[in-house]
Amino acid sequence: MNLFSCLVYPKINVFLKIVGKSGGYHLLNSRLCLVRGLHDVLCVKSAPKFSLKGDFDCPLAQNTLYKAWWLLKERLKPALRSRVEGLQIEVQKQIPAGGGLGGGSADAGVFLREVNRHLDLGLDLEQLYQIGAQVGADVNFFISGFSSANVSHFGQIVQDFKEEPLEVKLSTPPLKCVTAKVYQAFKTPTAFNPAWASKTSPELLKAYTAQELNDLYAPALSLYPALKEHAKSLDQNYLWFFSGSGSSFFGLKGGA
């Protein structure tokens with residue numbers, strides 16, 4: 001029986017500043033915005049036993065959707081656990097892996113939010129956030145349902161930011177950036193200007209360069225020289241920026 005189907009949109013990082021480390025993980029401040037025009041399709045059905053289908057690029061145990069399902073199942077009391085033990089999850093992937101668009105986190109976050117709602121699991125937002133924080137960075141943003149948000153700490157603290165939806169053009173080169181390697185290549189934490197948290201995304205994008213806004217842009221360029229060539233080929237009618245740890249660029253109309 002079909003339980004629900006929904007579109008899952010990617011995110012971009014308008015800014016991403018790394019301000020320190022704690023317990024071996026990087027602390028950050030970032031603005032995340034949903035981007036329309038590209039999406040995965042998430043379909044969830046009831047079934048005799050659990051299954052997960054999709055064009056994924058990792059083993060099952062490392063899949064964010066699988067982690068989300070497992071942690072949710074373990075969190076529930078036995079009376080509710082049976083509702084999620086037999087789920088057939090299928091994802092039609094369009095969001096590219098290794099593109100800095102949060103595709104895996106998006107699928108996991110939307111799954112947690114929607115399965116909680118459709119199966120009446122009764123978890124509040126804070127409980128969903130606790131699960132999301134265990135699944136991975138950015139998952140809580142997608143649980144939130146916000147179109148734009150300021151996120152902090154390891155990415156699990158999410159604050160809604162009210163602004164008009166951001167319209168950008170995406171460009172993803174045919175290469176995958178390995179998030180862990182890009183973070184490892186980043187060496188010196190930077191200061192975060194708290195005034196950025198109250199500025200709209202267009203204001204920030206028109207006032208600062210890609211390298212000023214994203215601390216991971218320079219490390220990604222050093223690890224993946226092909227990114228430089230791709231950046232040179234981008235439409236000059238747009239102002240171009242770098243999302244997350246890459247490899248995707250996003251453009252705001254109004255370039256040279």
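Before I start, a word on burial: buried means under 20% relative accessible area, exposed over 50%, and partly exposed in between, with a 1.4 Å probe and protein chains only. This is a predicted model, where local features need pLDDT of at least 70, side-chain atom pairs count only at pLDDT 80 or more, and totals for chains, interfaces and linings use all residues. Residues are numbered from 1 along each chain as its sequence is written, and side-chain values use heavy atoms, with hydrogens and water left out.

I looked up the site first. The unreviewed UniProt entry lists Lys-11 and Asp-138 under "active site"; such annotations may be inferred rather than shown by experiment. They span 128 residues in sequence, yet no two of their C-alpha atoms are more than 9.0 Å apart, so they gather at one spot.

Next I took Asp-138. Asp-138 counts as buried because its relative accessibility is 17%. Leaving out residues up to four places away in sequence, Asp-138 touches Lys-11, Leu-32, Ser-105 and Gly-155 (contact means heavy atoms within 4.5 Å).

Then I turned to Lys-11, which sits in strand E2 (residues 11-22). At 3% relative accessibility, Lys-11 counts as buried too. Beyond four places in sequence, I noted contacts from Lys-11 to residues including Asp-138, Phe-141, Phe-142 and Ser-243.

How values were computed:
Helices (H or I, at least four residues) and strands (E, at least two) are DSSP runs, numbered from the N terminus.
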